[in-house]
Amino acid sequence: MPWESLLLLSVLNLLHGQLGAKDVQVLQDVQCCMQYSKGSVRLRDVLYFEMQVDGPDCNIPALILYTKQGVKCANPRQSRTRRLYRRLFRQLQKEASGQL
């Protein structure tokens, strides 16, 4: 295994431990939501987000939210998740265009 992969796995494991991600599983170098988290997430608490599609590595579609409290997995089929995603995406666009 090349040293870059080992470094990436080490960083992912460190983040996994620090963020308290019990609904998230690290499979080799792929981070997957295996089930949806309970509770809600405030927009201001989201540090980073990404969309997970279901496939051979990850078995459910999910919006992965990296928050101040930990990693949360949201169901993209729920209306409140879609609303949060739209708000996050608009905020990201504003940041990219320098409007913040």
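Predicted model: local features only at pLDDT ≥ 70, side-chain atom pairs only at ≥ 80, totals over all residues.

**Starting with Thr 67**

Q: Which backbone oxygen lies 2.6 Å from a polar atom of the side chain of Thr 67?
A: The backbone oxygen of Gly 70 does. Contacts like this are read as polar contacts: N or O atoms in a pair within 3.5 Å, where within protein one must be able to donate a hydrogen and the other to accept it, and sequence neighbours count only if both atoms are side-chain atoms.

Q: Where does Thr 67 lie, and is it buried or exposed?
A: Thr 67 lies in strand 4; strands (E, at least two residues) and helices (H or I, at least four) are DSSP runs numbered from the N terminus. With a relative accessible area of 2%, Thr 67 is buried (buried is under 20%, exposed over 50%, partly exposed in between, using a 1.4 Å probe and protein chains only).

Q: Now the cysteines. How many disulfides does the structure hold?
A: Look for cysteine sulfur atoms within 2.5 Å of each other, which is what counts as a disulfide. There are 2 here. Cys 32 is joined to Cys 58, with an S to S distance of 2.0 Å. That bond links distant parts of the chain, 26 residues apart: Cys 32 is in strand 2 (residues 30–33), while Cys 58 is in the loop between strand 3 (46–52) and strand 4 (62–67). Both Cys 32 and Cys 58 are buried.

Q: And which cysteines form the disulfide with sulfur atoms 2.1 Å apart?
A: Cys 33 and Cys 73. Cys 33 lies in strand 2 and Cys 73 in strand 5 (residues 71–74), so this pair ties together parts 40 residues apart in sequence. Cys 33 is buried, at a relative accessible area of 0%, and Cys 73 is buried too, at 1%.

Q: What does the torsion about the S-S bond tell me for Cys 32 and Cys 58?
A: It gives the handedness. The torsion is about -60° for Cys 32 and Cys 58, so that disulfide is left-handed. For Cys 33 and Cys 73 the torsion is about -80°, so that disulfide is left-handed as well. If you count bonded cysteines along the chain, the pattern is 1-3, 2-4.

Q: Next, the rings. How many aromatic pairs does a search of the whole structure find?
A: It finds 3. Rings of Phe, Tyr and Trp (its six-membered ring) pair if their centres lie within 6.5 Å; planes under 30 degrees apart are stacked, over 60 edge-to-face, the rest tilted. One of the pairs is Tyr 48 with Tyr 66, a tilted case at 5.3 Å centre to centre and 40° between the planes. Tyr 48 in strand 3 and Tyr 66 in strand 4 are 18 residues apart, so to speak a link between distant parts of the chain. Tyr 48 is partly exposed at 48% relative accessible area, whereas Tyr 66 counts as buried at 12%.

Q: Which geometry do Phe 49 and Tyr 85 show?
A: Edge-to-face, with 5.9 Å centre to centre and 90° between the planes. Phe 49 lies in strand 3 and Tyr 85 in helix 2, so the pair ties together parts 36 residues apart in sequence. Phe 49 counts as buried at 16% relative accessibility, and Tyr 85 is partly exposed at 30%.

Q: Which residues form one aromatic cluster?
A: Phe 49, Tyr 85 and Phe 89 do.

Methods. Residues numbered from 1 in each chain as written. Heavy atoms only, no water.
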